[in-house]
Amino acid sequence: AGIALMLDTLFFAVLSPLLAGYAQSAHLSEAQVGLLVASYPLGMVSAAYPVGRLLPRHGPRAMVISGMLLLAITCVLFATASTGPQLIGYRFAQGVGAMISWASGMSWVQAIAPDDRRGELTGRTLGVAVAGAVVGPAVGAAATIVGTVPVFSVIAAVFVALAVWAARSP
């Protein structure tokens with residue numbers, strides 16, 4: 001859960017170094033750049049209630065898998081997007097995947113942690129997740145040099161690997 005949330009936070013923070021390039025290549029206005037930045041958290045907020053309703057029905061493991069796969073798909077789609085509406089839409093969808101990952105990941109930690117260690121394990125999970133915010137801009141800078149497709153494809157592959165690992169976990 002911590003690694004999944006770290007990658008999610010990383011992908012949230014990856015955008016800053018890429019904004020100028022996206023503004024130029026996709027011919028984004030200042031308002032569109034603002035919407036691009038806001039679309040990820042808007043996706044999270046929009047998905048919060050539905051995810052909260054679905055989580056008890058489907059369980060944290062199935063939901064983590066869904067979130068990771070949605071994030072993997074949207075990483076690749078975002079990397080290959082060339083227009084403002086595509087960038088904004090895929091970024092919004094990433095926010096939805098992030099909410100699924102966060103809610104189900106934290107729920108899973110709570111479900112499997114021993115009663116006397118829930119606080120500790122929740123704190124550790126959040127600590128790992130915060131590392132993504134530190135690493136994200138560096139990954140975004142690497143994407144400006146190497147390209148978004150290879151960098152975001154690697155991130156997508158890690159999301160898929162985590163989904164497979166979650167599917168095999170108890």
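Before sorting any residues I wrote down the classes: Ala, Val, Leu, Ile, Met, Phe, Trp, Tyr, Cys and Pro count as nonpolar, Asp, Glu, Lys and Arg as charged, and the others, Gly among them, as polar. I noted that this is a predicted model, in which local features need pLDDT of at least 70 and side-chain atom pairs count only at pLDDT 80 or more, while totals for chains, interfaces and linings use all residues. Residues are numbered from 1 along each chain as its sequence is written, and side-chain values use heavy atoms, with hydrogens and water left out.

I then turned to helix 4 (residues 60-80) and helix 7 (residues 148-168), whose axes come within 8 Å and cross at roughly 170°. That crossing makes helix 4 roughly antiparallel to helix 7 (angles over 145 degrees count as such). Axes are lines fitted to C-alpha atoms over the stretch in contact, and angles run from 0 to 180 degrees between N-to-C directions. Helix 4 passes helix 7 in a left-handed crossing (the near helix is turned anticlockwise from the far one by less than a right angle; clockwise would be right-handed). By class, this contact has 20 nonpolar, three polar and one charged residues; contact means heavy atoms within 4.5 Å. Among the residues that meet are Arg-61 and Phe-78 in helix 4, and Phe-152 and Ala-167 in helix 7.

For helix 3 (residues 30-58) and helix 4, I found that the axes come within 11 Å and cross at roughly 155°, which makes helix 3 roughly antiparallel to helix 4. The crossing of helix 3 and helix 4 is right-handed. Leu-36, Tyr-40, Val-51, Leu-54, Leu-55 and His-58 of helix 3 make the contact with Pro-60, Ala-62, Met-63, Leu-71 and Phe-78 of helix 4.

Helix 1 (residues 2-13) packs against helix 6 (residues 118-146) at an angle of about 35°, with the axes 6 Å apart, and the crossing is right-handed. I sorted the residues of this contact into twelve nonpolar, five polar and no charged.

Lastly I located Ser-82 in the loop between helix 4 and helix 5. Leaving aside neighbours within four places in sequence, Ser-82 is in contact with Ser-25 and Ala-26. The C-alpha atoms of Ser-82 and Pro-56 are separated by 38 Å, with the two residues 26 apart along the chain.

Conventions: Helices (H or I, at least four residues) and strands (E, at least two) are DSSP runs, numbered from the N terminus. Angles under 35 degrees count as roughly parallel, over 145 as roughly antiparallel, 65 to 115 as roughly perpendicular and the rest as oblique.
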